[in-house]
Amino acid sequence: MRPLPERMTDHWWWRPGVHPGRRLLVWHILFHDQADVRAMVAECQGRLDGIGGLDVIPDEWLHMTTQIVGFEDEISSGEIQDMTAAVAERLRPLDPVAVELGRPLFQTEGVALGIQPPRALDPVRHGLRAATASTVTAHHLDDAPGWTPHLSIAYSNGDGPTAPVIEALRPHPAPRTAVIREVHLVAQVRDGHLYRWEQITASSLGG
């Protein structure tokens, strides 16, 4: 187990190639149909209320980033269509996946909830990566770090100690079950201290 970070840093630095208004294609798992999970997130965010240096994520924009594809202006509409068809084919043999969320992950740039079992969604991620690699030329797969599935609940907007954040989430919230039935391709932009997006399509596990 990694040691807990002692300090938080600003999440809102500009990643390479990202600038205001430039849309990034990303496969997300969204939680609009997971009322129990959204209630747990609201509970956690309520506990963090009053701690400076955090931007909590509005309910509408809760997400689990599953695979970054690349910038929309570098990917043709034909490649997007081919990718979504390939994703549908890859996910069709998979059953919906039940995971538990509730274990806080304290990161230098924010606070998230991890999943149990921790590798339960790996087949979904592998399917997205294989479909993207086979259809999209200007993809970001080679730049992608190792994946730790997580549902972010707040981002850090400055430098400060993690101790108040860690203490606020003790005891940990009771875990809630989420059943992952689909993934969503979105065109995402950074808007100040917020990620927002337009949904392009969804692809279901099990077809």
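Student: Where is Q67 placed?
Tutor: Q67 belongs to strand 4; strands (E, at least two residues) and helices (H or I, at least four) are DSSP runs, numbered from the N terminus. The model is a predicted one, in which local features need pLDDT of at least 70 and side-chain atom pairs count only at pLDDT 80 or more, while totals for chains, interfaces and linings use all residues. Residues are numbered from 1 along each chain as its sequence is written, and side-chain values use heavy atoms, with hydrogens and water left out.

Student: Is Q67 buried or exposed?
Tutor: Q67 is buried, its relative accessible area being 1%. Buried stands for under 20% relative accessible area, exposed for over 50%, and partly exposed for values in between, with a 1.4 Å probe and protein chains only.

Student: Which side chain has a polar contact with Q67?
Tutor: The side chain of R129 does, at 3.1 Å. A polar contact is a pair of N or O atoms within 3.5 Å; within protein, one must be able to donate a hydrogen and the other to accept it, and residues adjacent in sequence count only if both atoms are side-chain atoms.

Student: How many bridges join strand 2 to strand 4?
Tutor: Seven bridges join strand 2 (residues 24–30) to strand 4, and the two run antiparallel. L25 stands opposite G70, and L30 stands opposite H63.

Student: And to strand 10?
Tutor: Strand 2 and strand 10 are joined by five bridges and also run antiparallel. Here W27 is opposite L185.

Student: Which residues of strand 2 are buried on each side?
Tutor: On one side L24, V26, H28 and L30 are buried, and on the other L25, W27 and I29. Seven of the seven residues of strand 2 are thus listed as buried.

Student: What do the buried residues of helix 3 pack against?
Tutor: They pack against strand 2, strand 4, helix 2 and strand 10, where contact means heavy atoms within 4.5 Å. Among the buried residues of helix 3 are V124, L128 and A131.

Student: New topic: what is the strand order in the five-stranded sheet?
Tutor: The order is 3-7-6-5-9, in an open sheet with antiparallel pairing. Strand 3 (54–56) and strand 9 (176–180) are its edge strands, each pairing on one side only. From one strand to the next, the twist averages 35°. Within this sheet, seven bridges join strand 5 (residues 97–107) to strand 6 (residues 110–116), and P104 has L113 as its bridge partner in strand 6.

Student: Where are the cis peptide bonds?
Tutor: One joins Q116 and P117, with omega about -10°, and P117 lies in the loop between strand 6 and helix 3. Another joins R170 and P171, also with omega about -10°; P171 is in the loop between helix 4 (163–168) and strand 9. Most peptide bonds are trans.

Student: How many aromatic pairs are there?
Tutor: The count comes to four. Rings of Phe, Tyr and Trp (its six-membered ring) pair if their centres lie within 6.5 Å; planes under 30 degrees apart count as stacked, over 60 as edge-to-face and the rest as tilted. The ring centres of W12 and Y155 are 5.3 Å apart with planes at 75°, so this pair is edge-to-face. W12 is in the loop between strand 1 (7–8) and strand 2, and Y155 is in strand 7 (residues 150–156), 143 residues apart.

Student: Which rings join W12 in a cluster?
Tutor: Ring pairs link W12 with Y155 and Y195. W12 is buried at 5% relative accessible area, and both Y155 and Y195 are buried.

Notes: Two strands pair if DSSP finds at least two bridges between them. Axes are lines fitted to C-alpha atoms, for helices over the stretch in contact, and angles run from 0 to 180 degrees between N-to-C directions.
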